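My entries follow in the order I made them.

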Amino acid sequence: LAVHSLKDLPTDDVPGLCLAAVPERAEPGDALVCRKWPSLDELPEGAVIGSGSLRRQSQLLRARPDLKLRDIRGNVETRLKKLDDGDFDALILAEAGLRRLGLEENITQILPTSVMLPAVGQAALGLETRSDDRVTRNLVEQLIHPASFAAVTAERSMLAELRGGCLAPIGASGRTDEDGRLVLTGRVLSPDGSSCLENTLTGEIDAAVQLGQDVAHLLIDRGASRL
């Protein structure tokens with residue numbers, strides 16, 4: 001049994017292995033962490049934002065092309081220290097990661113999905129086993145949260161069809177609506193944020209793979225491969 005941050009698990013199947021369970025997902029949003037200004041809109045022109053994610057950088061530039069985006073490395077505590085040392089005006093970090101580390105007091109603003117769609121699988125855990133290990137799979141499958149599993153399955157299916165990989169400027173949001181149906185939004189951007197394609201479709205919760213493929217095909221038809 002291996003436990004992964006699902007965001008980092010490759011979308012291509014590995015022969016002999018399977019994603020056996022996804023427990024209930026945490027909040028998948030992205031958080032602005034800033035010591036001086038209370039929101040993204042109120043950051044001054046030319047503010048320096050730390051993020052190592054092309055997905056985050058491209059969406060930030062789409063909303064605020066005046067911002068200066070700089071890569072940042074290291075664990076969360078290291079990044080927060082660089083912010084406090086004045087290397088950056090603000091950071092973008094995963095809400096779930098901050099909360100799991102007990103660092104939620106650092107959250108300045110949860111960015112709305114209109115500005116920032118999360119990464120595929122963000123805030124979800126993936127439990128991987130050998131495909132033929134029925135004993136382990138039976139145990140692990142008790143941890144499945146059906147709505148979370150369906151949502152991330154749709155997101156990963158979309159990413160696989162786009163052939164984007166985890167480093168591409170692609171955002172996704174899978175969720176269930178009040179009728180129990182699965183809703184998937186996919187967004188593909190150019191690295192500089194100047195071009196953006198987005199589509200949303202609704203489908204049945206037991207057809208998550210097809211829903212992801214359908215959203216990907218709509219995006220491809222509109223030029224996602226070029227972006």
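**Entry 1: the sheet with β8**

I began with a bridge: A21 has L127 in β8 as its partner. I am working on a predicted model, where local features need pLDDT of at least 70, side-chain atom pairs count only at pLDDT 80 or more, and totals for chains, interfaces and linings use all residues. Residues are numbered from 1 along each chain as its sequence is written, and side-chain values use heavy atoms, with hydrogens and water left out.

My helices (H or I, at least four residues) and strands (E, at least two) are DSSP runs, numbered from the N terminus. I call two strands paired if DSSP finds at least two bridges between them. For β2 and β8 (residues 125-130) I find four bridges, in the antiparallel sense.

Which order do the strands take in this open sheet? I read β1-β8-β2, three strands with antiparallel pairing. The edges are β1 (2-5) and β2 (17-21), and each pairs on one side only. From one strand to the next the twist averages 40°. For such angles, axes are lines fitted to C-alpha atoms, for helices over the stretch in contact, and angles run from 0 to 180 degrees between N-to-C directions.

**Entry 2: A123**

Next I checked the loop between β7 (109-110) and β8, where A123 lies. Most residues other than glycine have a negative phi. A123 is not a glycine, yet its phi is positive, about 75°. Buried or exposed, at 8% relative accessibility? A123 counts as buried. I use buried for under 20% relative accessible area, exposed for over 50%, and partly exposed in between (1.4 Å probe, protein chains only).

**Entry 3: the sheet with β10**

I moved to another open sheet, with the order β9-β10-β11 and antiparallel pairing. Its edges are β9 and β11; each has a single partner strand, so one side of each lacks a neighbour in the sheet. The twist here averages 10° from one strand to the next.

I then went through the pairings. β9 and β10 are joined by seven bridges, and T176 stands opposite L182 in β10. Their hairpin has five residues between the strands, and G180 there takes a positive phi near 80°. β10 and β11 are joined by eight bridges. Two bridge pairs I noted are G186 with N199 and R187 with E198. This hairpin has six residues between its strands, with G193 in the turn at a positive phi of about 75°.

How many of the eight residues of β10 are buried? Eight are, so the strand is largely enclosed by the rest of the structure. In a regular strand the side chains alternate between the two faces of the sheet. On one side of β10 I list L182, L184, G186 and V188; on the other, V183, T185, R187 and L189.

**Entry 4: helix α1 and R55**

α1 lies across β9, β10 and β11, at about 80° to β10. Seven of its 10 residues are buried, so α1 is largely enclosed by the rest of the structure. The seven are R55, R56, Q57, S58, Q59, L60 and L61. They pack against several strands, including β3 (30-34), β6 (90-94) and β9 (170-176). Contact means heavy atoms within 4.5 Å.

R55 counts as buried at 4% relative accessibility. Its side chain reaches the backbone oxygen of L117 at 2.7 Å. I take a polar contact as a pair of N or O atoms within 3.5 Å; within protein, one must be able to donate a hydrogen and the other to accept it, and residues adjacent in sequence count only if both atoms are side-chain atoms. S53 caps the N-terminal end of α1, with a side-chain oxygen 3.3 Å from the backbone nitrogen of R55.

**Entry 5: helix α6**

Last, α6. Its buried residues are A208, L211, G212, V215, A216 and L219. Seen down the axis of α6, they fall within an arc of 135°, so they line one face of the helix. That arc is of the directions from the helix axis to the C-beta atoms. Their cover includes α5 (146-162), β10 (182-189) and β11 (196-203).

I also checked the length of α6 (residues 208-221): at 1.5 Å a residue, 14 residues should span 20 Å, and the end C-alpha atoms are 20 Å apart, which agrees. The expected span is 1.5 Å times one less than the number of residues. After α6 comes G223, with a positive phi near 110°.
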